[in-house]
Amino acid sequence: MKRSISTWILFFFLTMMVWEGALALKIVSPAALAHPGEVVRALPKVFSVAGNLADVWSTISRSICAFVISVPFGMGAGFMIFFGGGVRRPAEFLLDFLRSIPATALVPLFLIIFGIGDTTKIALAAFSSSLVICLSVLTGLHGRSATRLGVARTLGLTGLKRIVLLDLPEAAPHLFLGMRTGISLSLILVVVSEMLIGSNRGLGKVIADMRYTDDTPRLYAAIVVAGTIGFLFNIILALSEKTLIHWRGRQ
Amino acid sequence: MPEPLITIKDVSKVYRNQREDRNVLAGVSLEINAGERIAFVGPNGSGKTTLLRILLGIDTADRGTVSLSAALKEHTIGYVPQDYRNALFPWLRLRANLSLAHGVGKQGYLFCDELSQQGMESFRRFCEVFRISLDLEKYPYQLSGGEQQMLLLIRALIQQPKLLVLDEPLSAVDFARRRYIQRLLADLVYSTHCTLLFASHDFEEAVMLSDRVIVLCNDSGAIKRTIEVKLDWPRTAEVKDDPRFGAAVDEIISTVL
């Protein structure tokens, strides 16, 4: 334990040395890379551009909102496509195609449909996230155990009961994988649309503004905050996965 | 002659992979009467599991038909699959896994993992005769392979089935208990007049529990031979001393080899 802590500290100092070294040896210009100390000092300013946590909070709430919308949509679509009989093949093809469209290419289209505002940002993120979740549900359902399906059949499990007791848990490990990708994607698209689409709040806007004002330390601080949010989202999902999917890898 | 319980006509199944096509079953025909006890033996890959799955309706044949008599459709079927590690739902406690069996769970709920009083009583009785203790609050992955198989067997038997389909049901059970359970099963099947179809690698088990042993062929996928077991029911521990018992086992061994 002691040894692992010292490894962490050593690793941290090495990173800082490389960072400072790159600046001291003039390998990177200070306009492109801020000093670590400056970034740390700039961190509080990220939280207080609008006098409070408004920017950070807008990004978090938009991402969560998009994610929360995408879960039922993605799952519902996944189940409907899988159990849709003849629709399955063409629908899976369509899904593969939609997923291949770079989501940012859809920004103008979403602007036309939803106008400038929160709706566009959330809709774009929710759209991408639900595609990933839908695909992961499909993968999970395709991988159901043939033995358990046979057992369910001889036990007379059908309809809603089978979906809840068999299909949903069978798909759950993959669903969680999809949800983790989905929430990361939501955050990415919210930040991107905050940068691309007119916005008065949000980390994406802070990042874009700092570039215009050449405030590199604050730009880095905003990036660090965005990264931390994504990291925390993933940790929360990973922890809930561990408790909810308790049977994983233990059969 | 009464109508057979299950009629299998010319059933064939081919497993295809990139290298070659393999005939798992080729032109298998069989009539199974109510109350009959049939063992399927043969090397790995000879189609025992596939045949059982096809007649349960959970796998499809490429050719041929399987028809079940109308009498069977009204009754429950007890099934223990070969792949016991994937046969229980690992996300449900043993209690809930057990409650999925017919007539064991509490009635009138869509989702309820409680056992009815009667279900609980018969579970306790089975545990007692099988000399095993199973904690219903546990999850399946907390059990050993043998315990999982015992739970599967109990779940199949607790439904008082008219047809029992067991696919190597005791493969992970330790030797002493396996011998003991085989005798109990023989008694149970005899006293309930239940139709028994089972696959086994244990030839003594096959003879002990059956009226007919069907030897399946590995390469052609056909029935190699049917061996009649002319031993009296009920079968006691002494049945193994009967010279016909050893003769039947020897006959199976020479046929399989």
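The contact between the two chains takes 18 residues from chain A and 21 residues from chain B. The model is a predicted one.

- On the side of chain A that touches chain B, the elements that give two or more residues are α7 (146–154) and α8 (159–196) of chain A.
- Helix α7(A) supplies the largest share of that side, six residues.
- By class, the side of chain A that touches chain B comprises eight nonpolar, six polar and four charged residues.

**Nonpolar cores**
- The largest nonpolar core holds 78 residues, and A39(B), V165(B), L209(B) and V213(B) touch the most other members.
- Helix α5 (residues 145–157) of chain B contributes the largest share of this core, seven residues.
- Leaving aside residues up to four places away in sequence, L209(B) touches R37(B), A39(B), Q182(B), L185(B), A186(B), V189(B), L196(B) and F198(B).
- Another core, of 44 residues, lies apart from the largest one and includes I122(A), F127(A), L175(A) and A222(A).

**Packing of α2(A) against α10(A)**
- Helix α2 (residues 36–47) and helix α10 (residues 216–244) of chain A pack at an angle of about 70°, and their axes are 8 Å apart.
- Because angles of 65 to 115 degrees count as roughly perpendicular, α2(A) is roughly perpendicular to α10(A).
- From α2(A), the contact is made by E38(A), V39(A), R41(A), A42(A), L43(A), K45(A) and V46(A).
- From α10(A), the contact is made by P217(A), R218(A), Y220(A), A221(A), A222(A), V224(A) and V225(A).
- The residues of this helix contact divide into 10 nonpolar, no polar and four charged.

Methods. Residues are numbered from 1 along each chain as its sequence is written. Chains are lettered from A and ligands numbered from 1 in the order in which they are written. This is a predicted model: local features need pLDDT of at least 70, side-chain atom pairs count only at pLDDT 80 or more; totals for chains, interfaces and linings use all residues. Two residues are in contact if their C-beta atoms, placed from the backbone, lie within 7 Å. Helices (H or I, at least four residues) and strands (E, at least two) are DSSP runs, numbered from the N terminus. Ala, Val, Leu, Ile, Met, Phe, Trp, Tyr, Cys and Pro count as nonpolar, Asp, Glu, Lys and Arg as charged, and the others, Gly among them, as polar. A nonpolar core is a set of buried Ala, Val, Leu, Ile, Met, Phe, Trp, Tyr and Cys residues joined through C-beta atoms within 7 Å. A residue is buried if 20 or more other C-beta atoms lie within 10 Å of its own, exposed if 12 or fewer, and partly exposed in between; C-beta atoms are placed from the backbone. Axes are lines fitted to C-alpha atoms, for helices over the stretch in contact, and angles run from 0 to 180 degrees between N-to-C directions. Angles under 35 degrees count as roughly parallel, over 145 as roughly antiparallel, 65 to 115 as roughly perpendicular and the rest as oblique.
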